[in-house]
Amino acid sequence: MNVYNKMLCSVCESGQIESCIQDLPFEYKGKKTVLPDQIIFKCPECAETFISPENERNIDKYLIDERRKIDGLLTSDEIKAIRKQYGMTQTAFAKMLRVAAKTFARYENGQVAQSYAMDNLLRILRKFPDAISAISNIETKIKNAATALSA
Ligand SMILES: [Zn+2]
C-alpha cells in the first residue's frame with residue numbers, strides 16, 4: 001500500500017510524497033456519495049494526489065457498485081451470491097449465461113456493469129431456481145435442433 005510513500009513527486013519533481021487518509025466524494029446522476037477513509041498519497045509541494053493501483057481497483061469496484069445501485073442493477077456481491085446459489089464456478093456459470101468468462105468475472109469483481117438484460121436474467125435465476133433448466137445445456141439443444149434441421 002505504501003508504493004508512493006517518500007517517493008519524489010513525478011509532477012513537480014521537488015516534493016516528497018506522503019500518505020494520508022481522506023474521504024473521497026463522488027457524484028453520479030446528481031446523487032452524492034462519500035467513500036470514507038481512503039489511503040491516498042499527496043505531494044506537500046504541489047498538492048498533486050496519487051492513488052495506489054490496488055486502492056484504485058477497490059475504488060473502481062465501489063464506484064461501479066454505487067452506480068449499479070443508482071441505476072437499479074444488482075451489485076457485484078449480489079451477482080456472486082446468485083452464482084454461489086447454483087454452486088457453479090465463474091467459468092461454468094458464464095458459459096451457461098453465454099457470456100465470455102472474462103466478462104462475467106468483471107461483473108463480479110466490479111470492473112464492468114452488466115446490461116439491463118443480463119441483470120433481468122440474473123434476477124430471474126435468483127428468484128426462480130428452476131428457471132435454470134430453460135438455459136442450461138442450451139448449446140446441446142441448439143446442436144440437436146441443427147441436426148434435426150439438416151436430417
Ligand atoms: Zn509535487
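1. Gln 114 lies in the loop that runs between helix 4 and helix 5, in what is a predicted model. With a relative accessible area of 3%, Gln 114 is buried, since burial is assigned to anything under 20%. Leaving aside residues up to four places away in sequence, Gln 114 touches Arg 68, Leu 73, Leu 74, Ile 79, Tyr 107 and Asp 119. The C-alpha atoms of Gln 114 and Phe 104 are separated by 8.5 Å, the two residues being 10 residues apart along the chain.

2. Helix 5, covering residues 116-127, has 12 residues and reaches 16 Å from its first C-alpha to its last, which is close to the 16 Å expected at 1.5 Å a residue. Its buried residues are Met 118, Asp 119, Leu 122 and Leu 125; because they cover an arc of only 125 degrees around the axis, they fall on the same side of helix 5. Ala 117 and Lys 127, on the other side of helix 5, are exposed. As background to this pattern, residues three or four places apart in an α-helix point the same way, because there are 3.6 residues a turn.

3. The buried residues of helix 5 pack against helix 2 (76-85), helix 3 (90-97), helix 4 (101-109) and helix 6 (132-135). Asp 119, one of these buried residues, is also among the contacts of Gln 114.

4. The largest nonpolar core has 15 residues, of which Ile 82, Phe 93, Met 96, Leu 97, Phe 104, Leu 122 and Leu 125 touch the most other members. Helix 2, helix 3, helix 4, helix 5 and helix 6 each supply at least two residues of this core, and helix 3 gives the most, with four residues. Ile 82 touches Leu 74, Phe 93, Leu 122, Leu 125 and Arg 126, when residues up to four places away in sequence are not counted.

5. The zinc ion has as its protein donors the SG atoms of Cys 9, Cys 12, Cys 43 and Cys 46, which lie 2.2 to 2.4 Å from it. The angles among the four donor atoms are 107 to 116 degrees, and the site is tetrahedral. Along the sequence, the donor residues are spaced C-x2-C-x30-C-x2-C. Cys 12 lies in the segment before strand 1 (18-28), whereas Cys 43 is in the loop between strand 2 (31-42) and strand 3 (49-50), so this pair ties together parts that are 31 residues apart in sequence.

Definitions and conventions. Residues are numbered from 1 along each chain as its sequence is written. This is a predicted model: local features need pLDDT of at least 70, side-chain atom pairs count only at pLDDT 80 or more; totals for chains, interfaces and linings use all residues. Side-chain values use heavy atoms; hydrogens and water are left out. The expected span of a helix is 1.5 Å times one less than its number of residues. Buried means under 20% relative accessible area, exposed over 50%, partly exposed in between (1.4 Å probe, protein chains only). The arc is that of the directions from the helix axis to the C-beta atoms. Contact means heavy atoms within 4.5 Å. Donors are N, O and S atoms within 2.8 Å of the metal (3.2 Å for Na, K and Ca); water is not among the atoms, so sites may look incomplete. Four donors count as tetrahedral if all angles lie between 85 and 135 degrees; four count as square planar and six as octahedral if opposite donors are over 155 degrees apart and all others between 65 and 115; anything else is irregular. A nonpolar core is a set of buried Ala, Val, Leu, Ile, Met, Phe, Trp, Tyr and Cys residues joined through side-chain atoms within 4.5 Å.
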